[in-house]
Amino acid sequence: MTPHPLLDIAEVARTEPYLRTVGEVFRAFREQDSGCVSYGVRLADGERWFVKEATTDAAQQSLSRAWAFHRAVRHPVIVPQLHRFATGDGRTAAVMPWHHGELLYSPARLRHAGPLARFRALPVPRVLRAVDRLLDAHLAVEAAGFVAVDLYDGAFLYDFDAGELHLIDLDEYRPGPFVLQADRLPGSRRFMAPEEWQRGSTIDTRTTVHALGRAIRLLMNTAGEEPAWRGTAARLALAERATRTEPAERFTTVAELTAAWRGSAHGAPDSAA
C-alpha cells in the first residue's frame, strides 16, 4: 500500500518545501500570534488537508498540549489532529482534515460587515443549532477531564453552505481543575473569566461555563452597533448566570448548563428575526 504523503510521514527537513513536493499549497497562514505557520494543502487526488507547524519554542509547547488534548477528546464538531511529524529542528507539525468555512472572528473594523455579522443575520433556528453543537462538543471536553482555555470566536469555523459549526485551534485546553501558576492565562478579554487573571486561582469546569456563556451571547446577538439578544428571556438569564463574576454563582458544570439550555427550549419561541 502506498504511504500517505501526510499521514505516514515521520520527519521532514523543512515543512513548506516538502508540502510543495506532494501537493499544492493553496493557502498559507503566516502572521499568527501563536507562533505557528499553517498551510492548506491539496494533494494530487484532490484531498485537502490543514498542516500546522510550530516555529517557536512557545508554539511547540502549545502544539504538544494540543496533541495530548486530541488524543483524549474526539467529537464530530472538533477538528482533530490526526498525525504529527518532526520538522528537523526539534519541533513538530500537526496534520488535520481541511474543513470549508469562515472564521467568525473579525477585526474590530469588520465586525459589522464580516462573517460574524453574516452569521448573526441567519434565522434563529440555525444559530441555535450552532450553539447546540458548541455545547455538545464541550460535554465531550468535560467528560474527558479537560477545561477550556483560550476559547473565542477565532475558534469558530462556520460553513454557511452546510450550516455547520466546527471548532479549531483548541491548543490551550488543559486537564483540570488546575491552579493558575502565572499572572494570566492566554485568551481574549471578551471571553475570559475573572479567575483567568488571578495567579493562584482555580481553573475548572466553571471557567469553561463562563467561556461558553460569552460564546452564547456572541452567537445569539444581532449585528450592528448595539447588539440585541435574539433569544428568549429565559435563555438570556441562563447566559447571564453562566458569566457571573463569582464562579460559585455560575452553573457548576457544562452538563448542568447544557441541560438547562436544552430544557429552556420548551418555553416561549425564540425570535425568528
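1. How many residues lie between β1 and β2 in their hairpin, and which residue in the turn has a positive phi? Six residues separate the two strands, and G35 in the turn has a positive phi of about 85°. Please keep in mind that this is a predicted model. β1 covers residues 23-29 and β2 covers residues 36-43. Their pairing is antiparallel and runs over six bridges. E24 sits opposite R42 of β2.

2. The next hairpin joins β2 to β3. Here four residues lie between the strands, and G46 in the turn has a positive phi of about 95°. β2 and β3 pair in the antiparallel sense, over seven bridges. Y39 faces V51 of β3 across the pair. β2 has eight residues and seven of them are buried, so the strand is largely enclosed by the rest of the structure.

3. Helix α1 spans residues 15-22, and T15, E16, Y18 and L19 are buried in it. Why do they fall on the same side of α1? Because they cover an arc of only 160° around the axis. In general, an α-helix has 3.6 residues a turn, so residues three or four places apart point the same way. The cover over the buried residues of α1 includes β1, β2, β3 (48-54) and β4 (83-86).

4. Now the open sheet. Three strands make it up, in the order β6-β8-β9, with antiparallel pairing. β6 (102-103) and β9 (164-167) are the edge strands, each pairing on one side only. Helix α4, residues 124-143, packs on this sheet and touches β8 and β9. The direction of α4 makes about 30° with that of β9.

5. The pairings within that sheet can be checked strand by strand. β6 and β8 (residues 156-159) are antiparallel over two bridges. E102 stands opposite Y158 in β8. β8 and β9 are antiparallel over four bridges. D159 stands opposite E164 in β9. The β8-β9 hairpin has four residues between the strands, and G163 takes a positive phi near 70°.

6. Look at the side chains of β9. E164 and H166 point one way, L165 and L167 the other way, and all are buried. Side chains in a regular strand alternate between the two faces of the sheet.

7. R133 deserves a look. This arginine is in helix α4. Is R133 buried or exposed? R133 counts as buried because its relative accessibility is 15%, and the cut-off for buried is under 20%. Beyond its neighbours within four places in sequence, R133 contacts P76, V77, E164, L165 and H166.

8. The largest nonpolar core has 45 residues, of which F119, L151, F156, L167, L219 and W261 touch the most other members. Elements giving two or more residues to this core are α3 (115-120), α4, β8, β9, α5 (205-220), α6 (233-242) and α7 (254-263). α4 gives the largest share, nine residues. Another core lies apart from this one; it has 15 residues, among them I9, V37, A93 and V95.

9. F156 shows how the pieces meet. Leaving aside neighbours within four places in sequence, F156 is in contact with E102, L103, L104, L134, L151, L165, H166, L167, A215, L218 and L219.

10. Helix α5 is mostly covered, with twelve of its 16 residues buried. The buried residues include T207, T208, H210, A215, L218 and L219. From first C-alpha to last, α5 reaches 22 Å, close to the 22 Å expected at 1.5 Å a residue.

11. Some backbone geometry to inspect. Most residues other than glycine have a negative phi, and most peptide bonds are trans. D150 has a positive phi near 65°. D150 is in the loop between β7 (146-147) and β8, and is partly exposed, with a relative accessible area of 23%. D169 has a positive phi of about 55°. D169 is in the loop between β9 and β10, and is partly exposed at 36% relative accessible area.

12. Where is the cis peptide bond? The cis bond joins G176 and P177, with omega about 5°. P177 lies in the loop between β10 (174-175) and β11 (178-179).

How values were computed
Residues are numbered from 1 along each chain as its sequence is written. This is a predicted model: local features need pLDDT of at least 70, side-chain atom pairs count only at pLDDT 80 or more; totals for chains, interfaces and linings use all residues. Side-chain values use heavy atoms; hydrogens and water are left out. Two strands pair if DSSP finds at least two bridges between them. Contact means heavy atoms within 4.5 Å. Axes are lines fitted to C-alpha atoms, for helices over the stretch in contact, and angles run from 0 to 180 degrees between N-to-C directions. Buried means under 20% relative accessible area, exposed over 50%, partly exposed in between (1.4 Å probe, protein chains only). The arc is that of the directions from the helix axis to the C-beta atoms. A nonpolar core is a set of buried Ala, Val, Leu, Ile, Met, Phe, Trp, Tyr and Cys residues joined through side-chain atoms within 4.5 Å. The expected span of a helix is 1.5 Å times one less than its number of residues.
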